[in-house]
Amino acid sequence: MKRFLLWIISVALGVVVLLAAVMGVSYAFTTEGGCPDGAAQFGGQALEPNGSCWQVPLLGGQLDKVFASPSTLTVQKLGVLYTAHPELALPDWTGYTALTIQNAAGDVLFTGSAGEYQNFLFPANGEYKAELTAWRVPKGGVITQFEGGSTGQLRKNLGLERPAKPTGWYRYSFRFTLQASAEVELSAERVEQGGTVGVRISGMTGDAVPTIETDLGSVQCVRAAEGWRAYIPAAYNASSGGHEVNITVNGETITRTLTVLPKDFGTVEVEAEEPAAESANAQFRSAIWPLYEAAATAKQWQGGFVPPAEDSMTLVDYGQIKVTDGQQGSRSNSTKLYTIPGAPCRAAANGTVVFAGDLALTGNTVVIDHGCGLRSYLYGLQEISVSKGQTVEKGQAVGALGEELTMDFKLGSRSVNPRLLFQTSGGLFWKEN
């Protein structure tokens, strides 16, 4: 019995020694190569880690080896970056980030995560300093469980992962000079009368609203993810030939030329209409004209528009010369459709209803603001199924059609340009991506 107990004890000691040897060898041969790759980029340039602390698990997470490199005062110099919003690219393992950006005077302009940085606008060109910390924490863990405070030390791995993976952080410190210049892109350089051209302005710093001056009509810029967007209308009576478009951004003026091509809108026979009562005209002016003065709102639509009436026949098209009893009259600034009574009247695109009601002049009327200064006006509905302030999606029913639908698209604002508001046939909007 004694021999058996001694044998058991010897075997146990042997196992302990063997395990200790394995752990010792594993610990000794685990190097910083076991830490995740710290490759990160800012503005397309590689960032060099300036300080790190990693807890690398051994033997299935039963033992950890820590690799620490204290942060220094060294600041990496990236040089000149020519984009207004340098892209921040982080390793795939990154789960938590802390970014601080200062100007040359040391004022903190931004502090937050890499995700929040996507909405940050640099106020101007100039010199900046940034400090970034990228953490990897186990799935299901939170930073406060592992971050050891101002010392940067790590708390013990909590065993949240199986198999265990490294936990820790890299810190980066870098300087750069921002020297961005605005870029202007037109959706087309040539447009027919009655069409519309989109303007994309990007690459600028700050949040000053760009101004666009052209003799084609009033233009308002609205904020977009990549910068600013605007739309230039070419009315049916816009003079053919080249038109200068001056875009001013942060004191810099960029000039483009937009060529308007003539279009034969044709004529259409119409019956004489009884003059509207002055009270009806006054009611219309009171209800609808204030919308012409409203400032442009953010763009709400994506992709092309859909016709408000799915099945229809055009009675009078936009831009056509109306002929009554053989006499030519004015051009039509709206489109009148013959429609199926009771069929849905659809929102041409996403937007917000800014008017919904019955007017003596136009009957049941719905006006939708689609953003960027573009509003659609739908007149003569049999019924209305939306209310003011309601948001609608492309194709959504806003009411029921009657026998005729008059639709009108207006772009611009008299508050921006005191001249008459320009109307458009849709142009770009029916096919835009």
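**Strand pairing**

Guide: Proline 344 has alanine 400, in β30, as its bridge partner. The model is a predicted one, in which local features need pLDDT of at least 70 and side-chain atom pairs count only at pLDDT 80 or more, while totals for chains, interfaces and linings use all residues. Residues are numbered from 1 along each chain as its sequence is written, and side-chain values use heavy atoms, with hydrogens and water left out.

A strand here is a DSSP run of E with at least two residues, numbered from the N terminus, and two strands pair if DSSP finds at least two bridges between them. Three bridges link β24 (residues 344-346) with β30 (residues 397-400) in the antiparallel sense. Strand β28 (residues 383-384) also pairs with β30, again in the antiparallel sense, over two bridges. Within this pairing, glutamate 383 has alanine 400 of β30 as its bridge partner.

Another group of strands, in the order β2-β1-β6, forms an open sheet of three strands with antiparallel pairing. Because β2 (45-47) and β6 (88-89) each have a single partner strand, they stand at the edges, and one side of each is left without a neighbour in the sheet. Strand β1 (residues 40-42) runs antiparallel to β2 and is joined to it by three bridges. Alanine 40 has leucine 47, in β2, as its bridge partner.

In the order β19-β21-β22, three strands form an open sheet whose pairing is mixed. Its edges are β19 (267-269) and β22 (327-331); each has a single partner strand, so one side of each lacks a neighbour in the sheet. From one strand to the next, the twist averages 35°, where axes are lines fitted to C-alpha atoms and angles run from 0 to 180 degrees between N-to-C directions. Strands β19 and β21 (residues 321-324) run parallel and are joined by three bridges. Opposite threonine 267 stands isoleucine 321 of β21.

A disulfide is a covalent bond between the sulfur atoms of two cysteines. With a disulfide taken as a pair of cysteine sulfur atoms within 2.5 Å, a search of the whole structure finds zero disulfides. The closest cysteine sulfur to that of cysteine 53 belongs to cysteine 35, at 9.1 Å, and is therefore too far for a bond. Cysteine 53 has a relative accessible area of 6% and is buried, that is, under 20% with a 1.4 Å probe and protein chains only.

Methods: Helices (H or I, at least four residues) and strands (E, at least two) are DSSP runs, numbered from the N terminus. Buried means under 20% relative accessible area, exposed over 50%, partly exposed in between (1.4 Å probe, protein chains only).
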